[in-house]
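Good morning, and thank you for coming.

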Amino acid sequence: MKATMLYGPRDVRFEEVAEPKILKPTDAIIRLSATCVCGSDLWPFRGLNPITAPMAMGHEYCGIVEEVGSAVTTVRRGQFVVGSFCISDNTCPHCRFGFQSSCEQREFMSGAQAPLARVPLADGTLVATPELPADDLIPSFLAASDVLGTGWYAASAARVQPGSTVAVVGDGAVGLMGVLAAKQMGAGRIIAMSRHKTRQDLALEFGATDIVSERGEAGVSRIKDLTKGVGADSVLECVGTKQSMMQALQCARPGAMIGYVGVPHGVELDGAELFFSQRGLMGGPAPVRRFLPHLMDLVAERKINPGKVFDLTLPLGDVAEGYRAMDERRAIKTMLRV
Ligand SMILES: [Zn+2]
């Protein structure tokens, strides 16, 4: 089969590789219905993470179970499944506390920008739908695998409450999903920080009530103005830069929680400043598995439409263009049809 490999900065190749096989009795092989390019794939694509050997790309996936190992009991051949980008057993203490992304057996999914993929720990990682979904729901199920689950976690970690005021830093796919999640959780006011018209429009569609286009100190003071000088009750940090984290901390009120899901690059916090600020931080790789059953129900019942975040759809063979379009900000998120 042909699959996506990253050889070095901006060197994405769609090339012949061996088909995945069951390696452990707890594995499953799935045939992908669709896959996509993640914002985090752009870090190695841009050369910001070192690449020592060709990498099998892709960690967001949904599809039909092709084969299962002898120990797998909860999914079977022919079922439609969605899994998290974090592989987990869903039985260890951390999983039981809802932190499957810190599973004692954690692995990170790879090789999903391909027609077939191997999913380790299939029982703990995959969730099946009762029946095969309609084709138009595939993008939304795919979004649940990472961006929706991550935006949802950001809102959950930031303890969004009914009626509360939420600020979302970052207008990438995850930030937009954070807006959607905050809306579902009943936030009264959702302030999305975005400078781009198409992303602002999508944020408003997903439930944002206010748009702040300023950044840095100007952005913080706009949010202070909008909240009568108090600051937001919950802040979702969905970028991962020093500037975005500072912005998130400064636009939160004392007592607020910040859910931070942007992978930090160059972020350093000052202990004394954090102490006197009285803001809480909870973040990290999202335990998407915790939220998957609920998110998949919301999608199946057509109560949410997170698939709208894909504004470019390409055949899998054009994956390199999918990376370029996101890198050049011509697309928010690229879906690849297999
Ligand atoms: Zn576990």
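This is a predicted model: local features need pLDDT of at least 70, side-chain atom pairs count only at pLDDT 80 or more; totals for chains, interfaces and linings use all residues.

Let us start with the overall picture. The protein chain contains twelve helices and 18 strands. Along the principal axes, its C-alpha atoms fill a box of roughly 60 × 40 × 40 Å. If we take contacts between residues at least 6 apart in sequence, 69% of them join residues at least 24 apart.

I now turn to the first sheet. As a reminder, strands of a sheet pair through backbone hydrogen bonds, in either a parallel or an antiparallel manner. Here we have an open sheet of six strands in the order β13-β12-β11-β14-β15-β16, and the pairing is parallel. At its edges stand β13, residues 210–212, and β16, residues 280–283, each of which pairs on one side only. On average, neighbouring strands of this sheet are turned by 20° against each other, ignoring direction.

Let us look at one pair within this sheet. Strand β14, residues 232–237, runs parallel to strand β15, residues 252–260, and five bridges connect them. For orientation, find A232, which stands opposite A252 in β15. Helix α9, residues 242–250, packs on this sheet and touches β11, β14 and β15. The direction of α9 makes about 145° with that of β15.

Where does G231 lie? G231 is placed in the loop between α8, residues 216–226, and β14. Leaving aside residues up to four places away in sequence, G231 touches I223, K224, C251, A252, R253 and A256. Notice that A252, the residue opposite A232, is among these contacts. The C-alpha atom of G231 is also separated by 9.2 Å from that of V166, although the two residues are 65 apart along the chain.

How many bridges join β1 to β2? There are six, and the two strands run antiparallel. One of the bridges links K2 with its partner E16 in β2. Together β1 and β2 form a hairpin with two residues between them, and R10 in the turn has a positive phi of about 60°. On its other pairing, β1, residues 2–8, joins β4 in the antiparallel sense over two bridges. Here the bridge partner of M5 is A56 in β4, and L6 stands opposite M55.

Next, a pair of helices. Helix α5, residues 147–157, packs against helix α11, residues 288–300, at an angle of about 105°, with their axes 9 Å apart. Because of that angle, α5 is roughly perpendicular to α11. From α5 the contact involves L148, G149, T150, W152 and Y153, and from α11 it involves V288, F291, L292 and L295. These residues divide into seven nonpolar, two polar and no charged.

Finally, let us consider two further loop residues. Most residues other than glycine have a negative phi. N90 is not a glycine, yet its phi is positive, at about 60°. N90 is found in the loop between β7, residues 86–87, and α2, residues 93–96. It has 19 C-beta neighbours inside 10 Å, so N90 counts as partly exposed. Q278, also not a glycine, has a positive phi of about 55°. Q278 lies in the loop between α10, residues 271–277, and β16. With 11 C-beta neighbours inside 10 Å, Q278 counts as exposed.

Thank you for your attention.

Note on methods: Residues are numbered from 1 along each chain as its sequence is written. Helices (H or I, at least four residues) and strands (E, at least two) are DSSP runs, numbered from the N terminus. Two residues are in contact if their C-beta atoms, placed from the backbone, lie within 7 Å. Two strands pair if DSSP finds at least two bridges between them. Axes are lines fitted to C-alpha atoms, for helices over the stretch in contact, and angles run from 0 to 180 degrees between N-to-C directions. Angles under 35 degrees count as roughly parallel, over 145 as roughly antiparallel, 65 to 115 as roughly perpendicular and the rest as oblique. Ala, Val, Leu, Ile, Met, Phe, Trp, Tyr, Cys and Pro count as nonpolar, Asp, Glu, Lys and Arg as charged, and the others, Gly among them, as polar. A residue is buried if 20 or more other C-beta atoms lie within 10 Å of its own, exposed if 12 or fewer, and partly exposed in between; C-beta atoms are placed from the backbone.
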